[in-house]
Structure formats: structure tokens, C-alpha cells
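Subject: A structure for you to look at

Hi there,

Here is the structure I promised to pass on. Have a look at it first, and then read on for what turned up in it.

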Amino acid sequence: MPEPHRTIGVDIGGTFIKIAALWSDGRVLASSQIPTAAGAGPERALLRLLEAVRDLLAAHGLEPGEMHAVGIDSAGIVDGERNLVLDAPNLRSWERFPLAERLGAALGLPVFLENDVNAMAYGEWRCGAGRGTRHLLCLTLGTGVGGGLILDGKLYRGASGAAGEIGHMPVNGRGPRCNCGSFGCLERYVGAGYI
């Protein structure tokens with residue numbers, strides 16, 4: 001088992017950005033949140049996020065150099081190898097913005113990007129309610145609707161990284177237009193803005 005270490009976790013949602021300093025076993029040292037203000041674009045959000053991370057660490061006597069890495073999760077389809085959000089119906093202007101690269105450079109830390117519900121599924125499997133299981137399904141209801149899968153002890157992303165994107169599964173072909181461009185998606189009926 002690797003030595004315990006501290007990390008920074010950042011959750012980019014359609015409504016809020018949540019930030020935490022935590023131990024590698026999942027224990028939270030400190031947390032805060034700021035509005036996403038998605039319409040203002042990712043460039044402005046990056047500046048606010050950087051300020052919020054530094055403020056959170058300083059308020060608890062921590063320095064960025066004491067952290068092992070930064071883990072960012074974001075709604076949408078994520079390319080983890082290139083650390084980019086490829087398709088995010090609720091964060092369109094954030095697509096292909098190098099948020100992870102720029103945040104990592106500013107903090108002097110390695111940064112990893114993952115889909116938000118995949119990160120949640122992995123966290124629950126590693127440190128939470130799913131610990132000790134071989135298979136796990138996590139579902140989330142928020143601004144969007146998502147799913148994450150652990151199959152045989154491994155995070156399952158699917159061929160294009162969209163394995164858990166159940167919110168954009170059409171349930172009514174004649175339903176209202178969704179942010180993804182399709183009609184009658186599940187998210188248009190049970191997402192926070194519609195329920």
C-alpha cells in the first residue's frame with residue numbers, strides 16, 4: 001500500500017465548482033465551493049478556481065507543495081490521456097479548454113482529469129460504500145444525470161469514454177430538445193433544472 005498523501009480534488013459541475021484538500025484514503029481536510037458561472041467561460045473560472053484553491057489551502061495552513069497531485073472531475077465526455085473535456089452539453093464553452101494543464105502549471109503539481117461520475121464511482125469503490133465489491137454502479141442527479149461503472153474491479157469508460165452518460169439517453173423521441181442536441185433525453189425530465 002502506498003504511503004498516505006494529501007491531494008486536491010476539484011469537481012466541475014454545471015452549477016458549482018467544489019474544492020477539497022484530502023488524504024489519499026478519502027478523509028477530507030477542508031472543502032469549499034464557488035459558483036461555476038459557466039456562461040462567463042473557462043478562462044475566468046480558472047482564475048477564480050486558482051484563487052479558491054490557494055485560499056482553501058492557506059486557511060488550513062497548507063501549501064500547494066505539500067500536495068501530491070490535483071484530481072479534477074468534470075461533467076461530460078473526458079479524454080483522460082490528453083486531460084481535456086471533449087463533449088459537455090452543460091459546459092459547452094469549456095470543451096477542449098486546457099484547464100487541467102493550466103491549473104497544474106499554476107500550482108506546480110501534476111493534474112489528472114476524469115468524468116465526474118466515473119470519479120465518484122471510483123471513489124466509492126476505493127474508499128466508500130462500494131469498498132470490497134467487484135462491480136459497482138453509481139448514478140447521479142444534479143444539473144445533469146450521469147452514471148459510472150466499476151466492472152471486475154476496474155473503472156469502465158467504454159470505447160469512447162461515454163459508457164455512463166445515461167442522461168443523454170433518449171426516453172421520448174418527441175420530447176423537448178436537450179443541451180446535447182437530441183430530443184427527449186432522460187436529463188430533460190429529471191435534471192435539476194427540469195424536475
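Tyrosine 122 is partly exposed, with a relative accessible area of 37%; the word buried is kept for values under 20%, exposed for those over 50%, and partly exposed for what lies in between (1.4 Å probe, protein chains only). Before going further, please note that this is a predicted model, in which local features need pLDDT of at least 70 and side-chain atom pairs count only at pLDDT 80 or more, while totals for chains, interfaces and linings use all residues. Residues are numbered from 1 along each chain as its sequence is written, and side-chain values use heavy atoms, with hydrogens and water left out.

The structure holds 1 aromatic pair, made by tyrosine 122 and tryptophan 125, with 5.7 Å from centre to centre and 45° between the planes, so the pair is tilted. (Rings of Phe, Tyr and Trp, the last by its six-membered ring, pair if their centres lie within 6.5 Å; planes under 30 degrees apart count as stacked, over 60 as edge-to-face and the rest as tilted.) Both residues belong to helix H3 (residues 116-127), and because they are 3 residues apart there, about one helical turn separates them. Helices (H or I, at least four residues) and strands (E, at least two) are DSSP runs, numbered from the N terminus.

Which residues of H3 are buried? They are Val117, Asn118, Ala121 and Trp125. These cover an arc of only 110° around the axis, which puts them on the same side of H3; the arc is that of the directions from the helix axis to the C-beta atoms. The buried residues of H3 pack against strand E7 (111-115), strand E8 (136-141), strand E9 (145-151) and strand E10 (154-156). Contact here means heavy atoms within 4.5 Å. At the N-terminal end, H3 is capped by asparagine 115, which has a side-chain oxygen 2.9 Å from the backbone nitrogen of valine 117; a polar contact is a pair of N or O atoms within 3.5 Å, where within protein one must be able to donate a hydrogen and the other to accept it, and residues adjacent in sequence count only if both atoms are side-chain atoms.

Next, the nonpolar cores. A nonpolar core is a set of buried Ala, Val, Leu, Ile, Met, Phe, Trp, Tyr and Cys residues joined through side-chain atoms within 4.5 Å. The largest has 34 residues, and those with the most contacts inside it are Ile8, Ile12, Ile17, Leu49, Val70 and Ile72. At least two residues of this core come from each of strand E1 (6-12), strand E2 (16-23), strand E3 (28-35), helix H1 (42-59), strand E4 (70-74), helix H2 (99-107) and E7. H1 gives the most, with 8 residues. A second, separate core of 6 residues includes Val117, Ala121, Trp125 and Ile150. Isoleucine 8, leaving aside its neighbours within four places in sequence, is in contact with residues including Ile19, Val53, Val70 and Leu107.

H2 has its own buried residues: Leu99, Ala100, Leu103, Gly104 and Leu107. Their arc around the axis is only 120°, which puts them on the same side of H2, while Glu101 and Ala105 are exposed on the other side. The buried residues of H2 pack against E1, H1, E4 and E7. After H2 comes glycine 108, whose phi is positive, near 70°.

Now for the loop between E10 and helix H4 (187-190), where glycine 184 is found. Glycine 184 is buried, with a relative accessible area of 0%. Its C-alpha atom is separated by 6.2 Å from that of arginine 174, 10 residues apart along the chain. Proline 170 lies in the loop between E10 and H4 too, but is partly exposed at 48% relative accessibility. Not counting residues up to four places away in sequence, proline 170 touches Ser182, Phe183, Gly184 and Cys185.

Finally, two backbone angles to look up. Asparagine 83, in the loop between E5 (77-79) and E6 (84-87), has a positive phi near 55° and is buried at 18% relative accessible area. Arginine 96, in the loop between E6 and H2, has a positive phi of about 65° although it is not a glycine.

Enjoy exploring it!
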